[in-house]
Amino acid sequence: MITNFFIPELNNHVVQELWFQQDGATCHTARATIDLLKDTFGDRLISRFGPVNWPPRSCDLTPLDYFLWGYVKSLVYADKPQTLDHLEDNICRVIADIRPQMLEKVIENWTSRLDYIPSQPWQFYARNHI
């Protein structure tokens, strides 16, 4: 998916200004994947084993984490797709149906979440582990 879709799609954008962020899931951090992403994004890669390490015990602050994946998954699997084509059609339909107004509300929610970030990393750890 990265080599056949994502990287070619980046040709439509100024990559020198884009950052790429992913969590530390094992499937995301294979050496070949990290090398490919480093070649594409250089020092603007936030990932486990990347130039900017994914922060340990980090909050789900990005809209992808706290909104998009759950929203898309709930709609994509609502009719229990039985084939890969059906699943792909559902994904394309659900993503295409996301309207700008919905994204505006997501961004409003995201900015309010920033108020909850502690000024010191130890505050987050203490709040969640003590």
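Let me begin with Lys80, which is found in the loop between α3 and α4. This is a predicted model, so every value I give is computed. Lys80 has a positive phi of about 50 degrees, although it is not a glycine. As background, most residues other than glycine have a negative phi.

Phe49 is another case. Its phi is positive as well, at about 75 degrees, and Phe49 is not a glycine either. Phe49 sits in the loop between β2, residues 45–46, and α3. What does Phe49 touch, leaving aside its neighbours within four places in sequence? Phe49 is in contact with Thr29, Ile34 and Lys38. Phe49 and Ala30 are 19 residues apart in sequence, and their C-alpha atoms are 9.2 Å apart in space.

Now the helices. Two packed helices are described by the angle between their axes and the distance between the axes. Helix α1 covers residues 2–10 and helix α2 covers residues 31–41. Their axes come within 12 Å and cross at roughly 10 degrees. Angles under 35 degrees count as roughly parallel, and therefore α1 and α2 are roughly parallel to each other.

Which residues make this contact? From α1 there are Ile2, Thr3, Phe6, Ile7 and Leu10, and from α2 there are Thr33, Leu36, Thr40 and Phe41. The residues of this contact divide into six nonpolar, three polar and no charged.

Two of those residues come up again among the aromatics. Phe6 and Phe41, together with Phe20, form one aromatic cluster. The count of aromatic pairs comes to three.

Next, the largest pocket. Its volume is about 1400 Å³. The pocket is lined by 31 residues, and those nearest its centre are Phe6, Phe20, Leu64, Leu68 and Trp69.

Where does the lining come from? At least two residues each are supplied by α1, β1 (20–21), α2, α3 (63–76) and α4 (84–96). The largest share comes from α3, with seven residues. By type, the lining of the largest pocket divides into 21 nonpolar, six polar and four charged residues.

Note on methods
Residues are numbered from 1 along each chain as its sequence is written. This is a predicted model: local features need pLDDT of at least 70, side-chain atom pairs count only at pLDDT 80 or more; totals for chains, interfaces and linings use all residues. Side-chain values use heavy atoms; hydrogens and water are left out. Rings of Phe, Tyr and Trp (its six-membered ring) pair if their centres lie within 6.5 Å; planes under 30 degrees apart count as stacked, over 60 as edge-to-face and the rest as tilted. Axes are lines fitted to C-alpha atoms, for helices over the stretch in contact, and angles run from 0 to 180 degrees between N-to-C directions. Helices (H or I, at least four residues) and strands (E, at least two) are DSSP runs, numbered from the N terminus. Angles under 35 degrees count as roughly parallel, over 145 as roughly antiparallel, 65 to 115 as roughly perpendicular and the rest as oblique. Contact means heavy atoms within 4.5 Å. Ala, Val, Leu, Ile, Met, Phe, Trp, Tyr, Cys and Pro count as nonpolar, Asp, Glu, Lys and Arg as charged, and the others, Gly among them, as polar. On a 1 Å grid over the protein atoms alone, a cavity is a set of points where a 1.4 Å probe fits but cannot get out, and a pocket is an open set with protein on both sides within 12 Å along at least five of seven lines; lining residues have an atom within 4 Å of a point. Grid points are joined across faces, edges and corners, and a volume is the space filled by probe spheres set on the points.
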